[in-house]
Amino acid sequence: MAKFLIVEARFYDHLNDMLVAGARAALEAEGHKVDVITVPGALEIPGAIVLADQSGQYDGYVAIGVVIRGETYHFEIVAGESARGVMALTMDGLAVGNGILTVEDEAQALVRADPAQKDKGGEAAKAALALLALRTKYA
Ligand SMILES: Nc1c(NC[C@H](O)[C@H](O)[C@H](O)CO)[nH]c(=O)[nH]c1=O
Ligand SMILES: CC(=O)[C@@H](O)COP(=O)(O)O
């Protein structure tokens with residue numbers, strides 16, 4: 001049994017609920033323990049994971065968020081920098097799955113968040129599980 005932390009940027013409640021449900025279900029189906037913390041936006045997710053990791057309490061992490069394109073360049077910043085931050089953590093050896101949706105509109109987000117459709121939360125959790133398995137294998 002491993003212990004995972006889901007770090008969710010709670011920007012769109014209904015979409016977040018589906019993503020977190022999918023991630024939680026994938027982890028609990030394998031018998032793992034899950035905590036959830038909330039941060040304001042996707043840009044805070046990588047920093048929150050760093051802070052949580054310093055506690056030594058968790059074996060892996062799932063980043064959950066939704067970034068929907070608006071009118072300005074802000075979308076590129078939030079989408080790109082949150083992904084860059086998560087990627088940097090994986091390259092430091094942390095088991096992190098990226099479930100931050102970066103979409104054009106809410107309809108695209110709904111299909112991807114819904115556990116009964118594309119289940120991107122569950123997919124991110126499975127990515128974290130895969131990295132944790134590799135870390136265990138090569139440690
Ligand atoms: N526009 C979205 C954001 N923006 C907020 C930033 O992530 C950040 O919280 C703010 O700049 C303060 O540092 N976040 C999302 O998760 N989704 C968005 O669509
Ligand atoms: C992430 C975004 O693009 C969005 O939330 C911000 O919208 P805007 O560019 O219209 O300020």
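How many salt bridges does the structure hold? The structure holds 10 of them, a salt bridge being a side-chain nitrogen of Lys or Arg within 4 Å of a carboxyl oxygen of Asp or Glu.

This is a predicted model, in which local features need pLDDT of at least 70, side-chain atom pairs count only at pLDDT 80 or more, and totals for chains, interfaces and linings use all residues. Residues are numbered from 1 along each chain as its sequence is written, chains are lettered from A and ligands numbered from 1 in the order in which they are written, and side-chain values use heavy atoms, with hydrogens and water left out.

**First stop: salt bridges**

Select R10 and D17, whose side chains meet in a salt bridge at 2.4 Å, N to O. R10 is partly exposed, with a relative accessible area of 28%; here buried means under 20% relative accessible area, exposed over 50%, and partly exposed in between (1.4 Å probe, protein chains only). D17 is also partly exposed, at 42%.

Next, select R24 and E28, which both lie in helix α1 (residues 13–29), 4 residues apart, about one turn of the helix. Helices (H or I, at least four residues) and strands (E, at least two) are DSSP runs, numbered from the N terminus. The side chains of R24 and E28 form a salt bridge at 3.1 Å, N to O.

Then display D35 and K33, a salt bridge at 3.6 Å, N to O. Elsewhere, salt bridges that share partners join E8, R10, D13 and D17 into one network.

**Second stop: helix α3**

Select residues 74–91, the 18 residues of helix α3. From first C-alpha to last, α3 reaches 25 Å, close to the 26 Å expected at 1.5 Å a residue, where the expected span is 1.5 Å times one less than the number of residues. Colour F75, V78, A79, S82, G85, V86 and L89, which are buried. Seen down the axis of α3, these buried residues fall within an arc of 140°, so they line one face of the helix; the arc is that of the directions from the helix axis to the C-beta atoms. They pack against α2 (45–53), β3 (60–68) and β4 (96–103). The face turned away from the buried side carries the exposed residues R84 and M91. Just after α3, G93 takes a positive phi of about 100°.

Finally, select D119, in the loop between α4 (106–113) and α5 (120–138). Its side chain reaches the backbone nitrogen of G122 at 3.1 Å.

Key. Contact = heavy atoms within 4.5 Å. Polar contact = N/O pair within 3.5 Å; in protein donor to acceptor, adjacent residues only side chain to side chain.
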